[in-house]
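Here is a short report on one protein chain. Look at the fold before you read on.

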Amino acid sequence: MTRRVPMWRAQYLAIALMGAITVYLNLFISLPREIAGMLGRQEALHREAFAGLLGAYLRARARDGVSLEQALREVGPWLTGYAFYAIPSEAPELPVGISFLGIALPDGRRLAIGSNPVGCAGCADPGFWLRLFGLSAAIWLALAAVHVWLWIRFSTWLQRIQTAAQAIVAGEAHPPLPPASPDELGQIAEALGQIAASMNRFREARRRFLMAAAHELLNPLALLIRELEDLRALELRGEAADRTRRALDQGRHLQRLIEDLLIAAREDQAAFPMRTEPLDLADLLVSVVEAYAPRMEAGERLLKLRLQAAPLPVRGDPTRLRQILGNLLENALRYSRPGETIRVIAGRGERVVVEICGGASGAASSGMGLGWALVEELMRGHGGSVEFLEGTEGVLHVRLIFPLDPSAGVPPPA
């Protein structure tokens with residue numbers, strides 16, 4: 001099994017070591033002086049104490065009648081690293097590192113003793129500190145380089161992972177995944193690869209299901225349409241003829257939707273195909289309102305259409321436009337109360353505007369989430385837009401805005 005290397009630990013360790021060495025380097029500014037001062041004070045105290053003891057000993061030996069030379073020979077084994085000095089009596093002060101013994105020589109000079117520095121001999125060498133400083137600085141720079149390399153690598157991997165995630169969200173079958181690596185970023189890349197593979201399996205299963213469902217729906221629907229066509233050929237009159245015509249129109253509309261669903265499933269498309277053509281939206285509104293009027297009457301609602309201008313030239317897909325209007329009218333029927341009037345108002349200015357007024361805005365917005373998204377997507381496919389507004393007494397107003405078809409040659413009103 002491949003051992004995972006936690007890259008964040010290496011990066012944090014490098015940062016911690018850099019901080020420790022930074023503090024260590026800052027101490028170098030004051031540390032040599034502090035150490036030298038401490039050693040100097042220690043050496044002075046040691047020398048003064050030794051000079052006091054030695055002076056007392058020499059004076060005691062002099063009282064015993066022992067000459068100074070003989071007494072100094074006696075203490076010679078103790079004086080390793082020390083030197084004796086004869087200081088003139090008129091000297092204003094002693095040199096640094098020398099202490100009086102309190103003994104006067106026959107020529108009037110005073111006897112003094114001095115010692116060599118004690119402790120770390122190399123601590124007083126400036127080269128020692130320079131070498132130590134250079135070594136520490138080299139280690140700090142090496143850790144800084146490791147930290148920068150880890151940061152650049154981490155940032156690059158994050159960008160690659162973000163690109164791969166965006167590709168997966170966009171539905172790409174083979175997103176550009178980062179290369180495998182034995183650290184935690186490699187684990188993330190591996191997880192993204194598993195997500196992409198799972199999404200591909202889901203899309204394939206969905207495509208197969210939609211294709212099977214579309215085939216199963218088309219066969220009985222085609223039979224139903226043929227029966228309606230045969231029934232219409234009998235030259236029915238009155239209400240029977242109108243109902244047969246509406247049923248046949250709705251059947252063909254449903255057949256077109258299922259065929260588009262089959263095409264989208266075969267091509268693995270997220271959106272329905274659009275087949276736009278020049279048309280008069282006023283005629284299509286009349287047809288849709290006539291088809292929905294019986295359902296509204298059965299639900300004790302009244303559906304009214306008011307055309308403020310005609311024609312209403314747009315470029316659109318009749319099937320998709322029926323989808324848009326059908327979704328909105330179904331929503332108005334579902335969320336309105338018996339006895340209410342649902343109004344469809346259409347007109348044109350610089351653009352063609354259709355308003356559908358009816359249904360409670362709060363209930364409609366909470367119960368038609370996918371329907372809103374479908375209407376918005378289909379309107380964008382027509383180059384238009386949709387606005388959802390709340391009118392008086394909480395009645396929902398849906399405004400569909402279409403661009404005028406320039407090929408129709410109908411100028412907008414002044």
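Among contacts between residues at least 6 apart in sequence, 70% join residues at least 24 apart. Contact here means heavy atoms within 4.5 Å. This is a predicted model: local features need pLDDT of at least 70, side-chain atom pairs count only at pLDDT 80 or more, and totals for chains, interfaces and linings use all residues. Residues are numbered from 1 along each chain as its sequence is written, and side-chain values use heavy atoms, with hydrogens and water left out.

The chain holds nine helices and 10 strands. Both are DSSP runs numbered from the N terminus: helices are H or I with at least four residues, strands E with at least two. Of the 414 residues, 33% are buried. Buried means under 20% relative accessible area, with a 1.4 Å probe and protein chains only.

**Helix H6**

Helix H6 covers residues 281-298. Its 18 residues, at 1.5 Å a residue, should span 26 Å, and its end C-alpha atoms are 26 Å apart, which agrees. The expected span is 1.5 Å times one less than the number of residues. H6 also bends by about 35 degrees at Tyr 292. That bend is the angle between axes fitted to the seven residues ending there and the seven starting there. Pro 294 follows within four residues.

At the start of H6, a side-chain oxygen of Asp 280 comes within 3.0 Å of the backbone nitrogen of Ala 282. Just after H6, Glu 300 has a positive phi of about 60 degrees. Buried residues of H6 include Leu 281, Val 288 and Tyr 292.

**The core**

A nonpolar core is a set of buried Ala, Val, Leu, Ile, Met, Phe, Trp, Tyr and Cys residues joined through side-chain atoms within 4.5 Å. The largest has 35 residues, and Leu 281, Leu 329, Leu 400 and Phe 402 are those with the most contacts inside it. These elements, along with H6, each supply at least two residues of this core:

| Element | Residues |
|---|---|
| Helix H7 | 318-334 |
| Strand S7 | 341-348 |
| Strand S8 | 351-360 |
| Helix H9 | 369-381 |
| Strand S10 | 395-403 |

H6 gives the largest share, eight residues. A second, separate core of 13 residues includes Ala 71 and Ile 113.

**Arg 246**

Is Arg 246 buried or exposed? Arg 246 counts as buried because its relative accessibility is 19%. Arg 246 lies in helix H5, residues 239-267. Leaving out residues up to four places away in sequence, Arg 246 touches Glu 290, Ala 291 and Pro 294.

Key: Buried means under 20% relative accessible area, exposed over 50%, partly exposed in between (1.4 Å probe, protein chains only). A polar contact is a pair of N or O atoms within 3.5 Å; within protein, one must be able to donate a hydrogen and the other to accept it, and residues adjacent in sequence count only if both atoms are side-chain atoms.
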